[in-house]
Amino acid sequence: MSIDYQEKIPNNVNLGEDRRLQRALENWQPAYLNWWDEQGPDKGRDMEVYLRTAISVDADGWAQFGHVKLPDYRWGIFMAPAQENRKIAYGIHKGEAAWQEIPGEYRSELRRLIVTQGDTEPASVEQQALLGRTCPSLYDLRNLFQVNVEEGRHLWAMVYLLHAHFGRDGRDEAEEMLARHSGDPDKPRILQAFNEKTPDWLSFFMFTFFTDRDGKYQLASLAESGFDPLSRTCRFMLTEEAHHMFVGETGVQRVIQRACELMNELKTDDPGTIRAHGGIDLQTIQKYINFHFSVSVDLFGQELSTNAANYYTMGLKGRFEETKIDDDHVLKDASYKVSEIKNGEVVMADASAITAINERLRDDYIADCQKGVGRWNKTIAKAGIDFEMKLPNRAFHRGIGAFTEIRANPDGKLISQAEWDKHQSEWLPTDEDRVFVQSLMKPVTEQGKIAGWIAPPARGINGQSFDFEYVRYH
Ligand SMILES: [Fe+2]
Ligand SMILES: [Fe+2]
């Protein structure tokens, strides 16, 4: 499963054996590079970045680290190794051999799943394009670019599937991926969270913690797909995704740590004093959590969804860790607890498990988020400070699903519109909060130095120290 870097497009899918496909992708490549040039990371200065590049898809040592000029990064097409005799694990095709080609009857569903996933990848690069100008350290700048090049590669992964399996339609869809842009009023990205701005580094860390984690759950359920090339593609993408969430979790943790250090140094818990000394107060961090969590849980879709049920029944998209779940994997008569509104309260009610697939994935996601929040709270407790970060209730500030109709506070209590209006500024970042956070975003590009609003990381990348030359300027 080694990767051929002599090829114009590095790959481990034997691209050289299919000349037509290779030519089609080589035709798409300049359009991609153009897009990267126009919509990708800002390149105000000529630089080399200490990046990892996939050299093999084996679990041990797939990555090679070295300084790379960003546009010279080798985007390629990589799949995890095939599992011998892989069988479809659920739905009406349970027990049948996984498909190596698209089953004709599921063509449009699969295309839709692949396009929706693929669209998020370049979207996040666009959302983060300006952050390089305000990096808090070279370490962070390197992490940003690592995330960016890998999201670019994830687009390659989905575009490969479109080109290889969907003919003309697939090529058209691949072009559309570069024509839609995050926040574009005429041609926006498909999912709303990917049209929001990522204007500052606190937002970036929140995004990589909460929104990349949605990506993890979507990829994990697509990794269960009966369409084997999609499954193998997603399995390799998941290994890259883990680093993005690491960047998010440790990023937020370091902002919290810095706030705690200032609180202890200054012997105060007054947010205004923390701000006056260049830190981001814990209350503001909590508001950012509330915002990013609520827009990210929307990405899982409606609580009850016949689309999701159909994808499952067809064997196209499974549940998180489908094969580890102890049930019949058909779910015909099974039920699942879903929260809904009844008599002015959020209550749990039984729903058909198969229509509640989205909600189950959302539950898995929320439990995973909760673990990270628990680790953030350990940082606060270790500093001896009496404060806890909390995930808001899923009913809070929703744009999709049953809770769009109502207003709820972060504890999930239903409230009136008047009450919402009165308290909203305590729960979600205000313009003033955003302007304040923005005011701290001054670039620090001196080796070993870091901005005042964030603590340095506990350790560097690939065994290097924090003051390593992660980015070289020329
Ligand atoms: Fe991605
Ligand atoms: Fe990601």
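This is a predicted model: local features need pLDDT of at least 70, side-chain atom pairs count only at pLDDT 80 or more; totals for chains, interfaces and linings use all residues.
Let me start with Leu-331, which is buried because 22 other C-beta atoms lie within 10 Å, where buried means 20 or more such atoms within 10 Å of the residue's own, exposed means 12 or fewer, and partly exposed covers what is in between, with C-beta atoms placed from the backbone. Residues are numbered from 1 along each chain as its sequence is written, and chains are lettered from A and ligands numbered from 1 in the order in which they are written.

Leu-331 sits in the loop between α9 (306-314) and β3, helices being DSSP runs of H or I with at least four residues and strands runs of E with at least two, numbered from the N terminus. Its phi is near 65 degrees, which is positive although the residue is not glycine.

Moving on to β3 itself, residues 335-342 pair with strand β4, residues 345-352, in the antiparallel sense over 8 bridges; pairing requires that DSSP finds at least two bridges between the strands. Ser-335 stands opposite Ser-352 in β4, and the two strands form a hairpin with 2 residues between them, where Asn-343 in the turn has a positive phi of about 45 degrees.

Another positive phi, about 55 degrees, belongs to Asn-462, in the loop between α12 (431-439) and β7 (471-473), and Asn-462 is exposed because it has 12 other C-beta atoms within 10 Å.
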